[in-house]
Amino acid sequence: MLLKMLTNLLINNLEKVVQYTDIQYFRLTFQNYSMHNLKTNFDKFFSITNSFFKKSIDKHGNFKSYPKPPKMSDCEIIALSLTGESIGIDSENYFWKKLATDYLASFPNLIERSRYNRRRKRLYPYIQKLNQGLANRLN
């Protein structure tokens, strides 16, 4: 009887240790790998945007010449817009706060939100052209 109680106690504690270790492993794993790695997604979209518009942009990644070079290029604005849409964050406010807090080091040239929205609105025909071009390539 005592042997059976000790065996059950040992098995229960062993299961708890294994379960705790598994939970710890998963926590460590998911802390290192974010489900929405904005910088990685941004880099992919930036590469696609640059290659798609390489004949239309200048050396800074802009479609038109600015008297004073902007902090973010037109291609970066497009890539950031596509990044936000692709990860499914519905709230622009939440997306912008996440950029400003969690990814500030990854986006050192991040512009003000109102300026970003104005430029994104002006670049909308290019975003449509990119979406249409990619859709045509996939078909």
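Mentor: Happy to; we'll go from the overall fold to helix contacts, a few residues and a pocket. Keep in mind that this is a predicted model.

Trainee: Good to know. How many helices and strands does the protein chain have?

Mentor: There are six helices and zero strands in the protein chain. Reading from the N terminus, the order is α-α-α-α-α-α.

Trainee: And what share of the residues counts as buried?

Mentor: The protein chain has 139 residues, and 27% of them count as buried. On contacts, take those with a separation of 6 or more: 69% of them are between residues 24 or more positions apart.

Trainee: Let's do helix packing. At what angle do α2 and α6 cross?

Mentor: Roughly 90°, with the axes coming within 11 Å of each other. Helix α2 covers residues 38-52. Because of that angle, α2 is roughly perpendicular to α6.

Trainee: Which residues make that contact?

Mentor: On the α2 side they are I48, T49 and F52, and α6 brings K129, L130, G133, L134 and R137. By class, the contact of α2 with α6 has four nonpolar, two polar and two charged residues.

Trainee: What does T49 touch?

Mentor: Setting aside residues up to four places away in sequence, T49 touches C75, I78, A79, L82 and L130.

Trainee: Nice. Now α5 and α6: how do their axes cross?

Mentor: The axes of α5 (residues 113-122) and α6 (residues 124-138) cross at roughly 55° and come within 4 Å. That angle is why α5 counts as oblique to α6. R120, K121 and R122 of α5 meet Y124, P125 and I127 of α6. Those residues divide into three nonpolar, no polar and three charged.

Trainee: Which residues does S81 contact?

Mentor: Apart from neighbours within four places in sequence, S81 is in contact with Y116, R120 and I127. R120 and I127 are also part of the contact between α5 and α6. S81 itself lies in helix α3, and it is buried, with a relative accessible area of 3%.

Trainee: OK, then where is G61?

Mentor: G61 is in the loop between α2 and α3, where α3 is residues 74-86. G61 is buried, at a relative accessible area of 5%. Its contacts are S73, D74 and C75, not counting residues up to four places away in sequence.

Trainee: Changing topic: how much space lies in the largest pocket?

Mentor: About 240 Å³.

Trainee: And what lines the largest pocket?

Mentor: The lining consists of Y66, K68, P69, P70, K71, I111, E112, R115, R118 and R119. By class, that is four nonpolar, no polar and six charged residues.

Trainee: Great, thanks for the walk-through!

Terms used: Residues numbered from 1 in each chain as written. Predicted model: local features only at pLDDT ≥ 70, side-chain atom pairs only at ≥ 80, totals over all residues. Heavy atoms only, no water. Axes fitted to C-alpha atoms, helices over the stretch in contact; angles between N-to-C directions. Helix = DSSP H or I, 4+ residues; strand = E, 2+ residues; numbered from the N terminus. Parallel < 35°, antiparallel > 145°, perpendicular 65-115°, else oblique. Contact = heavy atoms within 4.5 Å. Nonpolar A, V, L, I, M, F, W, Y, C, P; charged D, E, K, R; others polar. 1 Å grid on protein atoms, 1.4 Å probe; cavity = no way out; pocket = protein on both sides within 12 Å on 5 of 7 lines; lining within 4 Å. Points joined across faces, edges and corners; volume = space filled by probe spheres on them. Buried < 20%, exposed > 50% of the residue type's maximum accessible area, 1.4 Å probe, protein only.
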